[in-house]
Amino acid sequence: MQASYRQLISYVSEIKNRNHSSAAALLVMQHDNIILEHYEGFHSNEKSSPIHKNSMFNIASARKSYLAFAIGFALYEKKIHSLDDLISHYLNMYDAGVVQGTTIRHLVTHSHGLNERADGSIYREFTAGEGWVYRGINVKIMTELFKHLYGYDFPRLLEERIFVPLGFKYTEWSMEVSTTLVKVIDDPEQAADFQLYPFADGMGSNLHTSARELAIWGNLHLNMGRHEGIQVVPEEVIRLCTSIQNLQYDDARLPDNGLFWYVQDEAKDRSEIGEQVPKGSYQILGNTGPLLLVVPEQQLVVVRMYNKRYNYGGSHYLHYLREFSNLASKTFTIR
């Protein structure tokens, strides 16, 4: 194994240990081939089975990339006329005064300015389009929008159009305990637990997948909807998801987004993508540690998995995310 590969594996292991994760996985694809695959640790911080190629990690907010795909399809199929349509044009269950001026573009680029109280009521933190804050209310609204447009939940579209055609066996919105599921650690002093939800409607944080199938998901995007030479998804759907969709911010530090994906243009201080990663790259992250980085310039897909809630580094977590993506991009130059 090349020394640079060992360095990347060592980095992943070090962060795993620092953050008290019991599990880690690292998988790299380049030019459609797996060139590095590494698993270590156990399914829980208690006695449990070792991590392996079919271990299914809870990917938390990285599931936004799957919702992005569904919204991309809704745009492609003209169920949504434009990203600049007001959400109130489609849904009327929200206070018109609160969501006034909020477009679909704002919601999918984290520039909507909305937040949700514990009682479910929604309030505004800033005028739509004038800032960037990562909140979960946009996922709820866009999930409701998809169901309103199609009459069924967006995971069904993924199942029919992606999971079945690509032969996925280890990707699901998990509702029941399974030996392949990796438990999530909230507190290193407490036993890890399964992260489940009673429905597979996309609302819950219960999407689990293996490192291999998450990499294939990324590679489908890299190849603009092609899988093993077959056009499974229209190119335009992928282009909508992974090209910059936010309007320009007054604050130059704020990150750029496609449909939920972070997208690299000029490096931004508040982006999770490192400044050495080539322009046109895109990445998605979850707070249990999963990371999917796609670098078209290098024909590269990188997957990293952990099972500890909250990424390492506290308030400086972005530094470590950028450090990882910089190291990965540097390690796998075009061959």
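## Lining of the largest cavity

Tyr 11, Ile 15, Asn 19, Arg 304, Tyr 306, Asn 311, Tyr 312, Tyr 317, Tyr 320, Leu 321 and Phe 324 form the lining of the largest cavity, where a lining residue has an atom within 4 Å of a cavity point, and a cavity is a set of points, on a 1 Å grid over the protein atoms alone, at which a 1.4 Å probe fits but cannot get out. This is a predicted model, in which local features need pLDDT of at least 70 and side-chain atom pairs count only at pLDDT 80 or more, while totals for chains, interfaces and linings use all residues. Residues are numbered from 1 along each chain as its sequence is written, and side-chain values use heavy atoms, with hydrogens and water left out.

At least two lining residues come from each of helix 1 (3-18), strand 14 (300-306) and helix 9 (317-331), and helix 9 gives the most, with four. Helices (H or I, at least four residues) and strands (E, at least two) are DSSP runs numbered from the N terminus.

## Volume

The search of the whole structure finds one cavity of 30 Å³ or more, and the volume of the largest cavity is about 70 Å³, taken as the space filled by probe spheres set on grid points that are joined across faces, edges and corners.

Two strands pair if DSSP finds at least two bridges between them; three bridges join strand 6 to the antiparallel strand 7 (residues 207-209), and Trp 173 stands opposite Leu 207 in strand 7.

Terms used. On a 1 Å grid over the protein atoms alone, a cavity is a set of points where a 1.4 Å probe fits but cannot get out, and a pocket is an open set with protein on both sides within 12 Å along at least five of seven lines; lining residues have an atom within 4 Å of a point.
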